[in-house]
Amino acid sequence: MATNKIPVARTLRWLGVLLLALGLSAAAGADPGVSKLREAGKAAYDAGNFVEAKKAFDEAFRLAALHSLGVWSARARVKLGEWVQADQRYEKLLGLPLSESDAAAEGEARQQAAREREELRQRIPRLRIRLEGVEATDVDVSIDGEAVAESFLLVQKKSAFPRGKSLEVNPGTHRVVGVSGDQRKEVSVTLAEGETRDVNLRFVNPDTLRQRKCRDKCRSDCKNNKCYVDCKHRCFDKGS
């Protein structure tokens, strides 16, 4: 006799969705304001209005820090291309303790967050910032106006560049700016999903720059060759 069998994987997915929905309902029951925000967020998400969805789910999560709410705020960020911020939200969720009530639903939501984060991390683009002519301590670097920590700046040595620490960024075009003294370098770079790219910021060594300025001043100040030669020699004295 023929029997109808539902695949186990599909059954587990249905169960996960049901548990997540139950968790949302429990959160809503605890606070009517959370219920309203959750419904608004879900409606906005289904309509493709991910900005409003993120706003609603963020506020709901602020009022009730539940995995079943936070996972939706992370998903809205993914849809908006804010992958780094979504990863941070998933990470925060994984560090939260489970609610004693509705532990099954919240546990399933946390497991979903872990799975989604793992998939997302494979897609996040990465950027390696390489410096030439200066040390990391001598330059301020920013991406889209946000400061970059020294630990992400790779300095060229006598040998080839090492393969160093990369910086996670959202997909799209980014403006990288480096400032060292009165030197300013700017590079625009576009990264696609899963891509890792290098950005080189090339500066003139500060000593070389000082020597050039000193030499130019010697040329303008001196009226004869001896004066110019003596002056230029002093330019290469690091103590001058």
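## A guided tour of helices and strands

Select Val34, Arg38, Lys42 and Tyr45 in helix H2; these residues meet Leu69, Trp72, Arg75, Ala76 and Lys79 in H4, where contact means heavy atoms within 4.5 Å. By class, this contact of H2 with H4 holds five nonpolar, no polar and four charged residues. In this classification Ala, Val, Leu, Ile, Met, Phe, Trp, Tyr, Cys and Pro count as nonpolar, Asp, Glu, Lys and Arg as charged, and the others, Gly among them, as polar.

The model is predicted: local features need pLDDT of at least 70, side-chain atom pairs count only at pLDDT 80 or more, and totals for chains, interfaces and linings use all residues. Residues are numbered from 1 along each chain as its sequence is written, and side-chain values use heavy atoms, with hydrogens and water left out.

**First stop: helix H2 and its neighbours**

Display H2 together with helix H4 (residues 67-79): their axes come within 11 Å and cross at roughly 30°. That makes H2 roughly parallel to H4, since angles under 35 degrees count as roughly parallel, over 145 as roughly antiparallel, 65 to 115 as roughly perpendicular and the rest as oblique. Axes are lines fitted to C-alpha atoms, for helices over the stretch in contact, and angles run from 0 to 180 degrees between N-to-C directions. H2 passes H4 in a left-handed crossing; a crossing is left-handed if the near helix is turned anticlockwise from the far one by less than a right angle, and right-handed if clockwise.

Next, select helix H2 (residues 32-46) and helix H3 (residues 50-63), which pack at an angle of about 155° with their axes 8 Å apart. H2 is therefore roughly antiparallel to H3. The crossing of H2 past H3 is left-handed. To see the contact, show side chains on both helices: H2 contributes residues including Val34, Leu37, Ala40 and Tyr45, and H3 contributes residues including Phe50, Ala53, Phe57 and Leu63. Eleven nonpolar, one polar and four charged residues form this contact of H2 with H3.

**Second stop: the whole chain**

Helices (H or I, at least four residues) and strands (E, at least two) are DSSP runs, numbered from the N terminus. Buried residues make up 38% of the 240 residues; buried means under 20% relative accessible area, exposed over 50%, and partly exposed in between (1.4 Å probe, protein chains only).

Now select strand E1 (residues 126-132), in which seven of the seven residues are buried. On one side lie Arg126, Arg128, Arg130 and Glu132, and on the other Leu127, Ile129 and Leu131; both faces are covered.

Which strands pair with E1? Two strands count as paired if DSSP finds at least two bridges between them. Seven bridges join E1 to strand E8 (residues 196-202), and these two strands run parallel. Strand E4 (residues 153-155) also runs parallel to E1, joined by three bridges. Strand E5 (residues 167-168) runs antiparallel to E1, with two bridges. For landmarks, pick Arg126, which stands opposite Thr196 in E8 and opposite Glu168 in E5. Then pick Arg130, whose bridge partner in E4 is Leu154.

Colour strands E3, E2, E6 and E7, which form an open sheet of four strands in the order E3-E2-E6-E7, with antiparallel pairing. E3 and strand E7 (183-191) are the edge strands, each pairing on one side only.

Begin inside the sheet with strand E2 (residues 140-143), which four bridges join to strand E6 (residues 172-180). Along this pair, Asp140 stands opposite Val179, and Ile143 has Val176 as its bridge partner. Two bridges join E2 to strand E3 (residues 146-147), where Ser142 is partnered with Ala147. The hairpin of E2 and E3 has two residues between the strands, and there Asp144 takes a positive phi near 55°.

**Last stop: Gly178**

Finally, select Gly178 in strand E6. Is Gly178 buried or exposed? Gly178 is buried, with a relative accessible area of 0%. Show its surroundings: not counting residues up to four places away in sequence, Gly178 touches Val139, Asp140, Val141, Gln183, Arg184, Lys185, Leu201 and Phe203.
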